[in-house]
Amino acid sequence: MFIGDRVIRVVCPYCGFGCNLLIDPKTLKVKPYKGEPNRGKLCPKGLHALEFVLSKDRLRYPLKKVGSDFVRIGWDDAIREIASKLREIKERYGPNAIAFIASSKVSNEENYLLQKIARLLGTNNIDNCARLCHEASVHALKMTLGAGVQTNPYSDLENFKAIMIWGYNPAETHPVVMDYILNAKRKGAKIIVIDVRETTTMRLADYKLMINPGTDITLANALMNVIISEGLYDKEFVRSRTVGFSEVKMAVKKYTPEYAEKVTGIEAKLIREVAREFAKAGSGAIMWGMGLTQHVSGVENVIAVIDMALLLGYVGDKGGLYPMRGQNNVQGAAYMGALSEFLPGYVPLTDSTFRKRVASLWGVEDIPTERGLYLTELWDAILEGEVKALYIMGENPAVSEANVLKVRKALQKLELLVVQDLFLTRTARFAHYILPAAAFCEKEGSYMNSERRIQWSFKVCDPPGEAKPDWEILSLLGKELDLPGFPYEKVEDITEEYFKMFPELAGISVEELKNSNGIIIPYKRLHTIRFQTPDGKARLIAVEQIMPWEQPNGEYPLILTTVRVMSHYNTGEMTMRSPSLVKLMSEPVVYISESDAKKYGIKDGDLVKVETRRGSIVLKAKISKVKEGVIVVPFHFDANILTNDALNKAGTPELKYSSARIRKI
Ligand SMILES: Nc1nc2c(c(=O)[nH]1)N[C@H]1C(S)=C(S)[C@@H](COP(=O)(O)OP(=O)(O)OC[C@H]3O[C@@H](n4cnc5c(=O)[nH]c(N)nc54)[C@H](O)[C@@H]3O)O[C@H]1N2
Ligand SMILES: Nc1nc2c(c(=O)[nH]1)N[C@H]1C(S)=C(S)[C@@H](COP(=O)(O)OP(=O)(O)OC[C@H]3O[C@@H](n4cnc5c(=O)[nH]c(N)nc54)[C@H](O)[C@@H]3O)O[C@H]1N2
Ligand code: SF4
Ligand SMILES: [Mo]
């Protein structure tokens, strides 16, 4: 149904919103798909997504490091040598000396296979970039509502009367969701944006709250203070559907708007006005992003905003919680179990019934129950000699992790590093073996977007040289390792196998998925009648302000935060190989307030050196509307030389807060 005579439907390889591209296989021209979720819209990244695929930099053959050079090697030899080294390391040091990094960029099937290989080898050391991203949201949502996912579909946004956008800049990071937000605004919804700078999104807001970095709990508690003290909360909802109200009421007592003004820098009057407006709207969504999760208080930050939604009954029919997922398949990678603390479907490793069911499906006795290392814990584990082998599929930690100079040291220390990617990335340069992967439109498979919609993506063209789809590479590896169930003949066999993990997919065929507009699992709108906790009630959890790990001081007087821009994507491997996107932005910058620029003798366009306790980089200064005392760097250009690797409870580093200094060079 969706492969027409001339165009083929493919899921966009960039963000987690999950647009579909219609690609003409003869001309490779891209057009937007008219159905859900993108409704005829695409941002420039989707529109130009074929440019990196056609880049001359694509990897074409498996490579092996000999001395300091990479030499071409055949697939058979590469897979045989990698399997034999993995076996050797497992025998010598035990299975937990091996770790795997899965990819939020590849299909469900591919992530499913990699976590299966890890667990069949006897380790839960399998993780993906969700760890650097929304894992704090997953933990907070699970603790409060019992399910670690976005509660409502995008289309619900258009029906809410207020939308709070918190530490999240969708105009640059999920441009097409702005269409839904603006439709709501046209229908009268009030838009409230909370950020440390005037973002592109904030320009469209009715209420603009410029907050001091890392003080979001204080603001949330102050909003709740007003909501409770003025009796604006939904008493019936709180009584019948939640527990923990009195603890929250007690905790927020001291967070008066006047007190919060001193901490957050937002006027008490504005805090009161926003609390009343949001509460009286009668329905509302809270959407949030990395401004909340990438802090040492990430889990608590998210709990605080969920508490507020629960007080107002804005979960289920009257509202929704939208932790907008980052990568095109980060939601799918998690559902497939590519996380070190969860089996497929976010089921804890300790759930023996489910674990045994998975094991029996895989033809083994059991699966290891001990939580694996978080992606962000790997680097110390390698440096301490605990982990010896690392297999990376579609992830670029030498650029994306916090404090990358340390990560690069760790990568050098491994006995075996395998990197499976499209390009010779910064990470791949450290590898012993590099395996060339097919890109999104050169293979088939399913992906899951932020609203939990599983969508099939079809094949448009062949991969370059000898590159293979990730699932084929993993299938060969599993077979060489003699793992039960391997190899797989076609990708649909893997789809059918993962369908068996989810009761809601029972009875649905892969054909049906292919012919559909996607399937939302478990269902569109969660929590309308009961929460997914044992007693069906949501937990209101009191949280106190937790201050960021590093505080500015005389030596490092500024606060550095790192962000995204519309035209570049994460570590830049894809967008920087896309000429149309490079034209939009080609050089690294730092945004600085006018007053700080004056203070440090910096003019717009000057080259400056930004320095933290971990390292320094040179950037071009751009004067813009950011909070005084804060400097903002798009992270796509090696900003992680600067960032702080202190972790929160979900294992996410405080990428949004380091103390820093700046000087003109
Ligand atoms: N163009 C583009 N789109 C992308 C990506 C990309 O790289 N480029 N990456 C994708 C991925 S993986 C993800 S996870 C999403 C992320 O999407 P977003 O979460 O929107 O991305 P960020 O720009 O990292 O952070 C959001 C905002 O948090 C603000 N912020 C920083 N510190 C604080 C704070 O202490 N409090 C508050 N309230 N705000 C703060 C920043 O100023 C920034 O505007 O985007 C996805 N989409
Ligand atoms: N300072 C700072 N650092 C951050 C963040 C921040 O806000 N600030 N954000 C963090 C967040 S939210 C995230 S999600 C991470 C992202 O971190 P990464 O996931 O490491 O970043 P990407 O650039 O998306 O890397 C994806 C890799 O997958 C490859 N790839 C693409 N398609 C395929 C495919 O089909 N197969 C294979 N095998 N490979 C493929 C690409 O070439 C690229 O090398 O960065 C984190 N780092
Ligand atoms: S909004 Fe996201 S999914 Fe849609 S075209 Fe842009 S990058 Fe792709
Ligand atoms: Mo992300």
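Domain 3 (135-327) and domain 4 (558-664) each give at least three residues to the shell around ligand 1. Domain bounds come from an automatic or database domain assignment. The model is predicted: local features need pLDDT of at least 70, side-chain atom pairs count only at pLDDT 80 or more, and totals for chains, interfaces and linings use all residues. Residues are numbered from 1 along each chain as its sequence is written, chains are lettered from A and ligands numbered from 1 in the order in which they are written, and side-chain values use heavy atoms, without hydrogens and water.

## The shell

Ligand 1 is surrounded by 34 residues, each with a heavy atom within 4 Å of the ligand. Thr 173, Asp 195, Arg 564, His 568 and Asn 570 are the closest. By class, 13 are nonpolar, 14 polar and seven charged.

An oxygen atom of ligand 1 lies 2.9 Å from a side-chain N or O atom of His 295. A nitrogen atom of ligand 1 is 2.9 Å from a backbone N or O atom of Val 565. The protein buries 99% of the 910 Å² that ligand 1 exposes when taken alone (Shrake-Rupley method, 1.4 Å probe).

## Salt bridges

The whole structure holds 47 salt bridges (a Lys or Arg side-chain nitrogen within 4 Å of an Asp or Glu carboxyl oxygen). One joins Glu 451 and Arg 453, 3.0 Å from N to O. Glu 451 is buried at 1% relative accessible area, and Arg 453 is buried at 7% (buried: under 20%; exposed: over 50%; partly exposed: in between; 1.4 Å probe, protein chains only).

Arg 371 pairs with Glu 377 at 3.1 Å. Arg 371 is partly exposed at 37%, and so is Glu 377 at 24%.

Key: A polar contact is a pair of N or O atoms within 3.5 Å; within protein, one must be able to donate a hydrogen and the other to accept it, and residues adjacent in sequence count only if both atoms are side-chain atoms. Ala, Val, Leu, Ile, Met, Phe, Trp, Tyr, Cys and Pro count as nonpolar, Asp, Glu, Lys and Arg as charged, and the others, Gly among them, as polar.
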